[in-house]
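Open the model in your viewer and keep the selection panel at hand. The stops below follow one another; select, look, move on.

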Amino acid sequence: MRKQPGWALPNLKEAQKRTKNEVLIEKSIFQISPEMKQLGVGRNYYLRTYGCQANERDGETIAGILEALQFTQVDTPEQADFILLNTCAVRKNAEDKVLGELGSLKRLRKNNPDLLFGMCGCMAQEEEIVNTLLEKYPHVDLIFGTHNIHRLPELLYQAMMSREKTIEVFSKEGEIIENLPVKRFGSHKAWVNIMYGCDKFCTYCIVPYTRGKERSRSMEDILDEIRSLKQENYKEVTLLGQNVNSYGKDLQLEGGFARLLEEVAKIGMERIRFTTSHPWDFTDEMVDIIAKYDNIMPFIHLPVQSGDNDILKTMGRRYTIEEYKQLFDKINQKVKNCAFSTDIIVGFPNETEEQFQRTLDIVDYCQYDNAFTFIYSPREGTPAARMEDNVPFEVKQERLARLNEKANYYAHLKNENYRGKIVKVIVDGPSKKNKDVFSGYTETNKLVNFTAQDVVAGDIIMVEITDVKTWSLNGIQVKK
Ligand code: SAH
Ligand code: SF4
Ligand code: F3S
């Protein structure tokens, strides 16, 4: 990689290392110096975020910073003076989408020579990608990573004023910064980070490299944020972490995630969700707390990845399928009417037809409400990417199709249970086509399209389900 003065480039080997250094919590590190305060006056930005909810939440911070610099957000890249793609690296097709978009947006420079292009997020943390950008996408002016979002004002100032390519990606995480601005994209639902990073190192996964070591926010900071959200009339919070169940381990916090969840429930927010739960450290206490509080939603995303013990072991998932089933049954027994979703990877290196059959078996066993299914995608620098693989791609595609057929069957079957029932729905807003049709979500996270009068986003109302589809329900509002 070509080095330039002032550049900091990513290094996956560095990113893999874990230190025992204490993570500091910074309450005042983020500042905008006086010469930058006007940087965005009269300038528009277009921000597009890919990937998981953690990245969505980062997008809200980035938007908050840009608006503190007085930039104005626009909905189309054509109107923008600064285009920023906040990217995901989890699978190759996620990356290809971004690179395709970057290529096609380049044309906009013709009409606007001052247009600035930026890339941030997980792809920026990858050496291979930054090399590709340098070689094939020279129009990208600014690259920064997941660990230095707080440096955006300085980096942007440099890129805009010097018109020199600006690259700053840190391979290692730094402090937890508590005073970053945020522009929340939802008016009644909010994302709340409870921790950053991941230490699980599942052998196929790039996230522990792009997001650094597991760091928990302090319980008080999280609770304060949720109390303010409640005051601002938010109705739903989703607690975010790559693995929320390990919340507090790095702080030696007694009670861990179960205790945090209980404290959040007591604040009295109408709806509390959390994602993602790794089955490995899902404790009995957590199940009891979820069962005990009505405002903790009966919906669990419980990624299984595979139904075969040897594959699970090679993936480094740290549970057997028997343990997974036990946990699933326990939650099902204790949490009334609980809905489940999952993530599944097919075509992990050398997966046999028999092993794949066991994945189909676990889907039959759990009958998930929703399954996110993926073909294994080798990620450079991960252990699985170094494994030989004897499964042809066509076989993987055919397995994915069979899996999806089964998963869709259960998604529809689960929805059938709602026909004729009256359920609580949080209103998201009117549909674009018809102002009398609204959409919203049940407690179990099912999308409902319904007719209603005199409702606004954030209302929680009763809806009778009149029809069901595989991915959504239809209904009508029932007046109290
Ligand atoms: N922290 C979350 C997962 C984040 S990534 C968890 O552990 O549940 C979301 C999903 O993407 C994973 O659950 C996995 O199913 C899938 N995934 C991750 N890496 C992948 C890869 N290399 N190829 C295909 N799918 C992958
Ligand atoms: Fe990736 Fe595993 Fe961490 Fe989830 S738990 S982010 S799949 S390494
Ligand atoms: Fe993607 Fe990074 Fe999230 S790789 S899934 S955006 S943590």
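Colour domain 1 as 37-168, domain 2 as 176-416 and domain 3 as 422-478. These bounds come from an automatic or database domain assignment.

A word on conventions. The model is predicted, so local features need pLDDT of at least 70 and side-chain atom pairs count only at pLDDT 80 or more, while totals for chains, interfaces and linings use all residues. Residues are numbered from 1 along each chain as its sequence is written, chains are lettered from A and ligands numbered from 1 in the order in which they are written, and side-chain values use heavy atoms, with hydrogens and water left out.

**Stop 1: the sheet**

Select β9, β12 and β13. These 3 strands form an open sheet in the order β9-β12-β13, with parallel pairing. At its edges are β9 (189-193) and β13, each pairing on one side only. From one strand to the next the twist averages 25°; axes here are lines fitted to C-alpha atoms, for helices over the stretch in contact, and angles run from 0 to 180 degrees between N-to-C directions. Strands (E, at least two residues) and helices (H or I, at least four) are DSSP runs, numbered from the N terminus. Two strands pair if DSSP finds at least two bridges between them.

Now walk across. β9 and β12 pair in the parallel sense over 5 bridges. Pick A190: its bridge partner in β12 is V237. Then go from β12 (residues 236-240) to β13, again parallel over 5 bridges. Here T238 stands opposite R273.

Together with β12 and β13, α8 makes a right-handed β-α-β unit. Right-handed means that, with the strands pointing away from the viewer, the path from the first strand over the helix to the second runs clockwise.

**Stop 2**

Show side chains on β13 (residues 271-275). Are they buried or exposed? In this strand, 5 of 5 residues are buried, that is, under 20% relative accessible area, with exposed over 50% and partly exposed in between (1.4 Å probe, protein chains only). R271, R273 and T275 point one way, I272 and F274 the other.

Step on to the T275–T276 bond. The peptide is cis, with omega about 5°. T276 already belongs to the loop between β13 and α9 (284-292).

**Stop 3: ligand 2**

Select residues with a heavy atom within 4 Å of the ligand. The shell is C198, K200, F201, C202, Y204, C205, V207, P208, Q242, H278 and R317. By class there are 7 nonpolar, 2 polar and 2 charged residues. Nonpolar covers Ala, Val, Leu, Ile, Met, Phe, Trp, Tyr, Cys and Pro; charged covers Asp, Glu, Lys and Arg; the others, Gly among them, are polar.

F201 sits in the loop between β10 (195-196) and α6 (207-210) and is partly exposed, at 23% relative accessibility.

**Stop 4: ligand 3**

Around ligand 3 are C52, N55, C88, A89, V90, C122, V207, R211 and Q242. The classes are 6 nonpolar, 2 polar and 1 charged. Check your domain colours: domain 1 and domain 2 each supply at least three residues of this shell.
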